[in-house]
Structure formats: structure tokens, C-alpha cells
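Please keep the sequence and the coordinates at hand while reading.

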Amino acid sequence: MRFLVVAAHPDPESFSAALTRQAVDSLTRAGHTVELLDLYAVGFRAAMNEHEHRLYQTPDTPLTAWADADPMVAEHIRLVQQAEGLVIVYPTWWSAMPAILKGWLERVLLPGVGFVFNEKGKVRPGLRNIEHLIGITTFGSPKLYVRFVNDNGRRTVQRTLRIATSFRARFKWLALYSIDTSTPDDRAHFLDKVRSE
């Protein structure tokens, strides 16, 4: 199976980066083909510019137009469309995904990729190729607080992205809460969980 792992942390020495390496290693050892997109490492631009916004708002914009607008976006679209599994690894900041990851979703999962329109103009799933959807994240806050503020990142992955797969994708959520007060043993245990899942 082909997996695309999308990572969103600026520090290659961070625990989030260790989680990314563990996810890639575990998938590879299980015999899957794995492509890693480290958004900070490749210098992904999170914000959509004016030209891209106009393309986004124009019905039936061909995907080739995005290649002209930003070849990196076109390459990421290709990788998403080839993937059968999507793994997203990120730290939760301000009760949500880092801006670079939210920008990646907006600039890559475009009309014709993340969703399509039927003949009546209604939105339909565009990620029917995705069979597995996995979210891996850390929180500074305890689980109860995260639930209280709605766990926006999980909602985006579990609901919005899963709807885009027509609910075909098997969903898995791996989260380490209260990382700010976690011990080395807590973090090692969570890495083991990522390894075994």
C-alpha cells in the first residue's frame, strides 16, 4: 500500500519529528511504500496568494493551472492522488493544527482533489483513493481540556478529511496529551504505541 506521511513541525530534533520518523519506519517495515512530505523542510508556503484564490474560485479550473501557479502544489496533489493511506503528524498549537498544515490542506486538497462537484453542483468526496487515515499529534493540555475546546485538529482529520474519502477510510487517532508535563517514559511509551499501531 502507498502511504503519504505529511509532517508539520519546524524543528527536526522535536518529539514531533521523532514521531514522524517512527511512523515512516513502522510503515516501511510493514512493507508499505512511503512518501514523506515534511512541510517545513520543503519550504511549503501556507498562504494562498491572490492568483491562487482566483483559480480556487473559478469553476472547472484544470489541475494543470495549479502546476503553473506553484509546481510544489502540483507535486503534492500528485502524491495525494496516488496515496492509499494518509498519515498526518503535527503538534497541536492554540487548539488546532499549525498554520502550515492548515495551509497545505487549503492549497493542495483543492476542488478536483479533496472534493468534486457533481452535475448538480453538489460537493462530493474527492479522496476516494484513501483507504487509511491516521492522525498523530501531541497536546500541551490534558485530554479533558482538549475535549472542552472541541479538539479542532482531530475534527478536521476525522470528520472533514474522512468525509472527503466518502467515509471509506479506516480512521486511527494517536494522541499524547499533556506533553509539557510528560516524562521521558511517557514519551517513549507513546513512540512504542506509534510503532505498534
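## Basis

This is a predicted model, in which local features need pLDDT of at least 70 and side-chain atom pairs count only at pLDDT 80 or more, while totals for chains, interfaces and linings use all residues. Residues are numbered from 1 along each chain as its sequence is written, and side-chain values use heavy atoms, with hydrogens and water left out.

## Nonpolar cores

In soluble globular proteins, nonpolar side chains tend to be buried together. A nonpolar core here is a set of buried Ala, Val, Leu, Ile, Met, Phe, Trp, Tyr and Cys residues joined through side-chain atoms within 4.5 Å. Buried means under 20% relative accessible area, exposed over 50%, and partly exposed in between (1.4 Å probe, protein chains only). Helices (H or I, at least four residues) and strands (E, at least two) are DSSP runs, numbered from the N terminus.

The largest nonpolar core holds 38 residues, and L4, L39, L101, W104 and L161 have the most contacts inside it. At least two residues of this core come from each of β1 (2–7), α3 (63–69), α4 (71–82), β3 (85–91), α5 (99–108), α7 (152–164) and β7 (170–176). The most, 5 residues, come from α5. Beyond its neighbours within four places in sequence, L101 is in contact (heavy atoms within 4.5 Å) with V6, A8, L39, I88 and Y90. A second, separate core has 17 residues, including V5, L19, F190 and V194.

## Strand β3

In β3, 7 of 7 residues are buried. Both faces are covered, with G85, V87, V89 and P91 on one side and L86, I88 and Y90 on the other.

Two strands pair if DSSP finds at least two bridges between them. β3 pairs in the parallel sense with β1 over 5 bridges, and A7 stands opposite V89. With β6, β3 also pairs in the parallel sense, over 7 bridges; there Y90 stands opposite T137.

## Residue S182

S182 sits in the loop between β7 and α8. Is S182 buried or exposed? S182 counts as buried because its relative accessible area is 13%. The C-alpha atoms of S182 and G140 are 9.2 Å apart, although 42 residues separate the two along the chain.

## Pockets and cavity

On a 1 Å grid over the protein atoms alone, a cavity is a set of points where a 1.4 Å probe fits but cannot get out, and a pocket is an open set with protein on both sides within 12 Å along at least five of seven lines; lining residues have an atom within 4 Å of a point. Grid points are joined across faces, edges and corners, and a volume is the space filled by probe spheres set on the points. The largest pocket contains about 350 Å³ of space. It has 17 lining residues, and L109, G114, F115, T160 and A164 are the closest to its centre. α7 supplies the largest share of this lining, 5 residues.

The second largest pocket has a volume of about 290 Å³. Among its 19 lining residues, F3, L27, I134, K172 and E197 lie nearest the centre. The whole structure has 1 cavity of 30 Å³ or more. The largest cavity holds about 50 Å³ and is lined by R2, F3, L4, T33, E35, L79, Q82 and A83. The largest share of that lining, 3 residues, comes from β1.
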